Structure formats: structure tokens, C-alpha cells
Amino acid sequence: RPQQQLLKQSYSTDASLLVCSVDKRVTSQIKNMKRNAPIFALLLAHAAHGFVAPSRRMLRPASTLSKSTRMAATSIDTSTPEDKMDDLLESGKLKQAIELLQSTKSLDIDRQRWQRIFDAIERRTAEAEENSVNTRASGDIEYPLISPARMEMTNMYDVLKQQGHLKLFGASSQIPPAAGSKNVTPILLEQITGLSMKALTPKPTPTLLIAGVVLALLEGFASLTTGISFNLLVSATLLFTVFDKLFANGAIFESFVKLFSPGISEKITRHEAGHFLCAYLMGCPVEGCVLSAWAALQDARFDKRSVTAGTSFFDPALSREMNSQKVTRSSVDRYSVIVMGGIAAEATQYGQADGGAGDEMALVAFLSQLNGNSNTWNDTTIRNQARWGALQAVLLLKQYKPCYEALVDALERGGTLGDCIHAIEKAGRDNNLDPLNEPLGFILDQGPYGEWTTEASANVGEQVARASVNSVAPSQATASQLTEEESINQLQEYKAQVERKLQEIDNRIKELD
């Protein structure tokens, strides 16, 4: 103790002497200056004193401390796991944050920390290297590549689910709402969903036509009042439109259109919410969602893809299979449900889907590319798969309607990814919604158009198992009740289904060999 006191006294004395000497040198320099520059002298004095503080901190060398004191100073860590987690998330170290979360299961995840987690996910995936190069496209299909950023995102989702924070993530990944046969005729689809095929078929809206007419009237009025040539105004408008499309992703024209169609923003929001919720319930991590061309232009995940609104999700299984050129039926089904989720949401809410033509084209392109040298996916089978995906999406959105409405509200308020997922989970807890532990119903290949039942029995289970292998051809009575064109289409559809089943059996035999 006396030695420590002596050391402190010596240190204090040396420090004061140094400060004093510095102050004396500074003071003498100031006195030697001209008297007509007092302000400059004062500033110089402050500058000199400002450099004294760092000198004081550097005076105490490590050698003057005892070894035990130095070890104690470096070994004591008073930060909590929550503090460490916050630091990792703020610095974007998502991988280390996942490891800490796995090793500390009692780590408290409050609302603010929840937000930091998903903010880190958005930043990590937005800044991923693959977003800045054109490597997200394969043929005519765009899908997120497997990358460290997206695998870290997937791992974070999985860990949060395992620890009970994401109760509804993957709620329908193992059990579809409609089990059994994948043959969905138009009549059966209408019977189950209560929606007509027309409602589920996107139709072009007159919004662009109305905007064009209004713009033409404005140009005509401007030409009459200013004397400027009408043709010149039209040419200038066309050039401006091209410029807007090339350099602003059509954001300016989109803003103009929305002025004359206020309801379009709500439809876009509900459409994207359908994609978002279906992806989440199917167990595919969502990495971002944009609702306007302006937002897409500022997001690296969307600005290279010329979209005005979209939801970016990641299916690791599908990405691996696409890279290996061996896509399984389960991955095709998952993709179909998510892609048709936007159309299903609009049809359920408004009775008619206006948007979604691009979604249909994406599904057609995706399935067509899977053919290779075969013709498994033709016009008939693609239409059937679209109906099957729309059916599953409608049932999911109806089953988790409170979550869907909460998600729409979060998106309308401009919520972040964390806000949207928190809204889904909170609505699920408030309404006692659980992951599906059994299908909502079963599709049976019975009768002319198939049957739908919600009763699970041994007989139903046997028929569902048989339906996964066999396709039942239409009866003669059914064929006589249809027109010639409808009969041909129906027979072609059943023929394609039988060919697909035979192809699946052949593939299974090859795998067993």
C-alpha cells in the first residue's frame, strides 16, 4: 500500500510538472506576440491546452501497473449477452450474432432487439455482393442465389423459430391446407374457394388508359394557352417517359398514375402482403418488400430487376436444386403457392385480381424451364399447377386472416421487415393461431370434377394415398355432358397428368436402382 501511494504521488507530480511546463511555454509565447492580436493569442492558448489532455492520458505507462492489475483490467467483462448481441447487430455481424443466440438461449429479445435483428437482416441481404452483379437470373427465371448473406438470414430465422420467437414461420411448410390429389379442376376450385375462375384471372385495368387521356388533355390545354406545338409537347412527353423508365425505374410516371387512381396503392399493398405472408407461412425467409418504384430504386435487391413493387424471399432448397438442375415437386409446389399468393389476396379482398399477370408469367417461365428434354409441363399441366397454387394460397390467407390484416396495416404504415414480422406473430398470438397440424381438407379424384372433403377418415386417407400415384380418367357419362372442345381439353389434361405420374415413377425407379 505505501508503494502504491508513492507511485500515485509520483505520477501526479510528474503530470503536474509537465502541464505546468507546457503552460509556461505557451504563456511565454503568447506574451511575445504582438498586442494587436489578442483574439489569435487566446485561440492559440486554447489550442495548446487542448493538446494537454491527451498527454495526461499517455503519461501512465503499462509498466507502472502491477501484472495482476493489468490481467484484471483485461479479463473483467461486465457486458451482458444482450449488450454483446446489440453490438454485433449494429456492426452487421449476423453470423456471430447467430452463434451468440444459439449459445445463450436465455438471451432476452425485447421489441427493440427484435427490430435490430431484422434491420441487420435487411442490411446484410441488401449489401450482399450478388445484388450488384447480374447473377440472380437463370434463363428466364430470377431467384436469389445461395450466398453467405442469405444463408445467415436463413439460419437466423431458423434459430428464432427453434427458440419460439417465430411461432408461425413455416406454419404450413410440412402440411398443405389442401392435401390429397393435385388435380384441381376449375369447378372444384370455385367450389372450395367460393371464387370464380374469372376472379382469379388477372385482368388489365384502365388505369394507364385513363392517365394517358388525362395527360393528352393537359397537353392540349397547354398547347392552346401557350401556343406551343401540340406535337412538340407529345414528343417531349415521350422522351421524358423513356428517360423516367431508364433512369428512375418509371417512378415519376407511377406517381402521376397514382394521382388519378388512389385505390391502386392499397391494392398493391394487399397484393404484396399476400406474397409476404404465404412465403413466411411456407417457411421461406423474407428479406424485403417494396411497394413503389421509388422504394425499389433505392433497394439493391430490386433496383437491378426493373420492378415497381415486389417481395423478395429466399428458398434455400429451391436454390440448391436449381443449381443442381434437379428440382423436386415439393419445391415446385412451394414456389407456386408463394407466386399465386398476390392474386389470391386481391381476389379474396376485392372479388377480382387486377394485378398478377407478371406472377403468372413468372410461374409459366419457371415450370417451362423445368421440362428439359421432356414435355412434363405443358399448357394443361401448368394451368392445373396454377390453380393448385391459387387454391392453397386462398386457404392459407383465410386461415390466417388476422395475420394478413395485421401485415397489411404494418405495410401501410411504412413498417420495416421487423415491424411486419412482429405484426404477423402478434396477431397469431392474439387470435390463438397455431401452425397447421393437419390439412384443412382433402382433394379426392372422384366424380367428374373431383371432390373436396374436410372429414379425415381411414377411407379418405387411403384414397388420398392412392391419388398421389394414380390419376382417374373421366367417365363416359362425364364426357357426354361436355362440349367437344371441353372434352378434348379435359382428356388432354388427364393425359398430361398420367404422363407426369409415369415420369415420376420412372424417376423413382432410377433413384432406387
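Visitor: What makes both faces of strand β6 (residues 441-444) count as covered?

Guide: In this predicted model, G441 and I443 on one side of β6 are buried, and so are F442 and L444 on the other. Buried means under 20% relative accessible area. In a regular strand the side chains alternate between the two faces of the sheet.

Visitor: How do you know that strand β3 (residues 178-180) and β6 pair?

Guide: Two strands pair if DSSP finds at least two bridges between them, and β3 and β6 have three bridges, in the parallel sense, so they meet that condition. Within this pairing, A179 has F442 of β6 as its bridge partner.

Visitor: Why is H271 called buried?

Guide: H271, which lies in helix α13 (residues 264-281), has a relative accessibility of 7%, and because the limit for buried is under 20%, H271 counts as buried.

Visitor: How do you know that the side chain of H271 makes a polar contact with the side chain of H275?

Guide: Such a contact needs a pair of N or O atoms within 3.5 Å, and the two side chains come to 3.1 Å. The side chain of H271 also reaches the backbone oxygen of G342, at 3.4 Å.

Note on methods: Residues numbered from 1 in each chain as written. Predicted model: local features only at pLDDT ≥ 70, side-chain atom pairs only at ≥ 80, totals over all residues. Heavy atoms only, no water. Helix = DSSP H or I, 4+ residues; strand = E, 2+ residues; numbered from the N terminus. Buried < 20%, exposed > 50% of the residue type's maximum accessible area, 1.4 Å probe, protein only. Polar contact = N/O pair within 3.5 Å; in protein donor to acceptor, adjacent residues only side chain to side chain.
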